[in-house]
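Please look over the chain shown below before reading on. The questions that follow go through its elements, its packing and its backbone.

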Amino acid sequence: CRARGRGGSSSWTRASAADDVMGVVIVDHGSRRKASNDLLEEFVRMYKEQTGRPIVELAHMEIAEPDIEHAFGKCVEQGATTVAVSPFFLSPGRHWQEDIPTLAAEAAAKHPGIAHFVAAPIGLHPLMVDIVDSRLETCLNRLTGGGAACDVCDGTDFGCKMARGVAVDE
């Protein structure tokens, strides 16, 4: 993995060999809830715009379309000779260790000569502290001072609501 600074374009555009062209598949779990799947679509749009990568596709591991096989194929159609599959997951659980590598290998088998790898999930990256703190601060401002809802909560019936514990009859 290569690091890059905030707000800048990515420091890598090609795979290791001079002639290799990198395609990226960003994959989440997938949901029956359209709004959840739409969030990945928005993230992929932001990612592509901020990094300047020309070949970036979204995929859902299961439940929703497009799947990894379809996204992998779209990368190859656009000229990728190496495909990086990047899990949009926080923790390195079973999906990262088993399911996604299996699905990526099955997709790659349909494209002889195309290299691929599965990147690490988001994990305990230092920027996650900033993200969590920002979400907490936004919600607290909303609750105590009428601040604006965050991009996730805006227009929903979820989030940024103060609740108090209530005794439950047993």
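**Elements, packing and backbone**

The chain has four helices and four strands, where helices (H or I, at least four residues) and strands (E, at least two) are DSSP runs numbered from the N terminus. This is a predicted model in which local features need pLDDT of at least 70 and side-chain atom pairs count only at pLDDT 80 or more, while totals for chains, interfaces and linings use all residues. Residues are numbered from 1 along each chain as its sequence is written, and side-chain values use heavy atoms, with hydrogens and water left out.

Q: What share of the contacts in the chain with a separation of 6 or more comes from residues 24 or more positions apart?
A: A contact here means heavy atoms within 4.5 Å. Of the contacts with a separation of 6 or more, the share from residues 24 or more positions apart is 63%.

Q: How far apart are the end C-alpha atoms of helix α3?
A: The expected span of a helix is 1.5 Å times one less than its number of residues. Helix α3 has 16 residues (94-109) and should therefore span 22 Å, which agrees with the distance between its end C-alpha atoms, 22 Å.

Q: At which residue in α3 does a kink lie?
A: The bend at a residue is the angle between axes fitted to the seven residues ending there and the seven starting there. In α3 a kink of about 30 degrees lies shortly before the proline Pro-101, at Ile-100.

Q: How are α2 and α3 oriented to each other?
A: Axes are lines fitted to C-alpha atoms, for helices over the stretch in contact, and angles run from 0 to 180 degrees between N-to-C directions. The axes of α2 and α3 are 9 Å apart, and the two helices pack at an angle of about 45 degrees. Angles under 35 degrees count as roughly parallel, over 145 as roughly antiparallel, 65 to 115 as roughly perpendicular and the rest as oblique, so α2 is, relative to α3, oblique.

Q: Is Ala-104 buried or exposed?
A: Ala-104 is found in helix α3 and touches Ile-68, Phe-72, Val-85, His-116 and Val-118, not counting residues up to four places away in sequence. Buried means under 20% relative accessible area, exposed over 50% and partly exposed in between, with a 1.4 Å probe and protein chains only. Because its relative accessible area is 0%, Ala-104 is buried.

Q: Which residue does a cis peptide bond join to Glu-65?
A: Most peptide bonds are trans. Here omega is about 0 degrees, and the residue joined to Glu-65 by the cis bond is Pro-66.

Q: What is the phi of Ile-63 near?
A: Most residues other than glycine have a negative phi. The place of Ile-63 is in the loop between β2 and α2, and Ile-63 is partly exposed, with a relative accessible area of 46%. Its phi is a positive value in a residue other than glycine, near 75 degrees.
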